[in-house]
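Good morning, colleagues. Please bring up the sequence and the structure so that we may go through a few local features together.

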Amino acid sequence: MKLTRSRVQQFYRAFGPFLKPYQWQIMGAYVALFATVGMTLLRPWPLKLVLDSVILDKRPLNQIMPWAPTWIAGADKHLLLTLLCVTLVAIVLLESLFSYWQKVSFSAVGQSATTDILEHVFTHVQTLPKADGERRTGDVILRLTSDVKTLRDLLVNHVQQLGNYAFTFVSTIAVMFWMNWQLTLLALVVVPFISLTSYHFSANIRRATKQKRSREGAVASIVQENLQAVAVVQAFAQEERERNRFRRQARRSLDASLDAVRLGGAFTRSIKVLNTIGMAMVIWLGASRVLDGNMSPGDLVVFAAYIAELYTPIQNISELSVQFMESLVSGERVLELTQAIPHVDEKHNAEPAPVFSGDVAFENVVFGYDSEKLVLNGISFHVSAGETVAIVGGSGAGKSTILNLMLRFVDPAEGSILFDGRDIRSFDLKSLRSQVSVVLQDSILFRRRVRENIAYGRPHATLDEIIDAAKASRAHDFIERLPKGYDTVLDEEGANLSGGQRQRIALARAFLRNSPILVLDEPTSGLDAVTESQLTETLEDLARGRTTIIIAHRFSTIERADRILVLEKGRVVQEGAHAELSVQPGPYRDLFEAQSFESTVSA
């Protein structure tokens with residue numbers, strides 16, 4: 001993606017509104033900036049007066065400053081020296097105060113706006129599908145942390161610095177022209193060469209910086225992936241392999257970083273050499289004029305000070321262009337994230353969903369994650385309110401896709417999904433999803449208190465309601481045995497609980513939410529037979545009085561379902577109760593007999 005002028009404007013259109021609440025603070029900061037520059041321009045003048053009027057006695061003070069009070073112009077040299085030194089200190093003190101005010105104000109605006117942007121981007125990320133090959137989790141984390149903070153420099157710090165440097169540059173040139181236009185023109189001779197050097201380096205620096213950020217994101221992804229899979233790595237004794245993989249990627253990231261550093265270093269050194277050449281030319285001509293008596297030593301001192309003030313902004317602007325490129329790359333990465341399109345989009349006229357009775361229907365639903373390969377191919381079925389329906393089929397038959405469609409993680413390419421006879425796309429997402437409770441195969445628990453995990457779907461539930469839900473899911477007894485009971489903080493992903501305990505907390509979460517529609521996505525998969533048997537009874541309690549859709553391949557979970565749908569290649573190929581399907585020739589009996597054989601062998 002080329003960072004053209006229009007692209008930069010797009011950044012500011014996207015993120016500029018986050019600065020509007022702080023416009024008065026920004027205006028105050030710019031007032032302080034202008035005052036700082038003004039004090040900087042005044043700083044050399046007391047030294048000029050000390051040289052010309054006090055030490056060398058070349059020009060009386062009333063000739064240099066005809067507007068000065070008489071008592072100062074005619075003062076004793078020692079008193080005049082004291083007054084000039086006090087004035088110098090006062091100028092520097094005011095400059096420091098204004099500079100402090102400016103930096104604190106801009107920093108406060110930048111931090112506040114960055115926090116607002118981070119919240120906005122985080123909120124948008126939650127609407128996106130799970131990270132895939134093009135948007136890895138580790139890289140998303142890097143964009144939300146490091147890149148968003150660097151974006152602050154793009155929106156606030158760089159703009160403030162650019163304004164500071166530009167105002168200093170223009171003000172300094174104006175004063176220098178007023179003092180000596182010939183020396184000023186000589187000082188500006190090197191400026192075109194500085195511009196050409198900046199243009200030469202900028203494209204290469206941007207390319208190197210973008211590659212560096214991309215490889216840093218790859219390193220972060222490897223770290224995140226290994227932290228999640230550390231048990232697998234250790235179990236298969238693959239630590240050395242993963243270390244080598246990390247080292248290769250880290251080395252690539254290091255090489256990219258060094259390329260960016262080398263280019264940036266060469267750039268700033270080149271600018272410094274050009275600045276020194278310009279200053280040397282000015283000092284040579286100025287000193288020659290002092291020797292000829294055409295210029296006072298004080299004027300040369302002031303002019304030399306202004307030369308430094310002139311070249312410093314030029315050098316700083318050149319260095320700022322390097323930082324600006326880095327910030328643009330980070331801004332580009334954040335912008336890409338905010339422009340990522342969710343798989344589903346709410347209609348502008350979407351309305352809150354009413355309380356459903358639980359009637360669910362799929363009508364000729366066609367869907368495929370890949371347009372060339374359909375997962376569901378014209379599937380239709382109906383689940384009456386309060387009915388328990390199980391959906392079975394081989395891997396890839398489309399079972400879990402049905403859950404994704406019901407929760408609108410994705411939308412069908414064709415056909416409709418109806419709740420109580422209305423297309424679910426007519427409802428806003430939050431109210432729709434609030435009426436569907438889900439128990440997944442892998443119970444997702446957070447590093448929070450047990451009570452917070454149970455109340456995740458109803459954050460304002462009382463402790464008594466949470467305990468009742470835990471008792472209903474048969475989780476209360478083991479929770480009471482935890483070190484702090486319901487206030488025990490779980491480890492990451494609930495690692496300090498067994499699989500059955502984690503699943504019971506997930507069931508308690510579903511009990512507490514008390515939604516009219518319940519979806520069980522292989523809730524007993526991976527559990528031992530005893531735990532599975534205990535959970536099956538709890539699942540029956542949970543399903544009672546609710547429309548329940550069970551997605552499973554373990555027949556112990558689905559045998560008691562009112563009806564079973566058998567999927568094959570995205571279509572319903574069999575339908576009926578377990579008792580009749582298990583004796584009819586077809587996919588269901590084949591699956592049932594295969595699982596019975598596996599159970600016998602395992603026993």
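Asn364 is a residue of strand S1. The model before you is predicted, and in it Asn364 shows a positive phi of about 50 degrees, although this residue is not a glycine. Is Asn364 buried or exposed? With a relative accessibility of 51%, Asn364 counts as exposed, because the threshold for that class is over 50%.

Asp420 also calls for comment. Its phi is positive, about 55 degrees, and Asp420 is not a glycine either. Asp420 sits in the loop between S4 and strand S5, the latter comprising 422-423. Its relative accessibility is 31%, so Asp420 is classed as partly exposed.

I turn now to the aromatic rings. How many aromatic pairs does a search of the whole structure find? The search returns seven. One of them joins Tyr30 and Phe34 in a tilted arrangement, with 6.3 Å from centre to centre and 40 degrees between the planes. Both residues belong to helix H2, which covers residues 23-42, and they stand four residues apart, about one turn of the helix. Tyr30 is partly exposed at 22% relative accessibility, and Phe34 is likewise partly exposed, at 41%.

Another pair is formed by Phe356 and Phe419. The ring centres of Phe356 and Phe419 are 5.4 Å apart and the planes meet at 85 degrees; the pair is therefore edge-to-face. Where do its two members lie? Phe356 is in the loop between helix H12 (297-339) and strand S1 (360-367), while Phe419 is in strand S4 (residues 414-419), so this pair ties together parts that are 63 residues apart in sequence. Phe356 has a relative accessible area of 4% and is buried. Phe419, at 1% relative accessibility, also counts as buried, because the limit for that class is under 20%.

Finally, I come to charge on the surface. A patch of positive charge is found there, where Arg241, Arg247, Arg248 and Arg251 gather. Of these, let us consider Arg247, which is placed in helix H11, spanning residues 239-291. Arg247 has a relative accessible area of 47% and is thus partly exposed.

That concludes my presentation, and I thank you for your attention.

Methods: Residues are numbered from 1 along each chain as its sequence is written. This is a predicted model: local features need pLDDT of at least 70, side-chain atom pairs count only at pLDDT 80 or more; totals for chains, interfaces and linings use all residues. Side-chain values use heavy atoms; hydrogens and water are left out. Patches are made of residues with over 30% relative accessible area and no salt bridge: like charges are joined within 9 Å, nonpolar side chains (Val, Leu, Ile, Met, Phe, Trp, Tyr) within 5 Å. Accessible areas come from the Shrake-Rupley method with a 1.4 Å probe; for residues, only the protein chains shown count as cover. A salt bridge is a side-chain nitrogen of Lys or Arg within 4 Å of a carboxyl oxygen of Asp or Glu. Lys and Arg count as positive and Asp and Glu as negative; His and the chain ends are not counted. The place of a charge is taken as NZ of Lys, CZ of Arg, CG of Asp or CD of Glu. Buried means under 20% relative accessible area, exposed over 50%, partly exposed in between (1.4 Å probe, protein chains only). Rings of Phe, Tyr and Trp (its six-membered ring) pair if their centres lie within 6.5 Å; planes under 30 degrees apart count as stacked, over 60 as edge-to-face and the rest as tilted.
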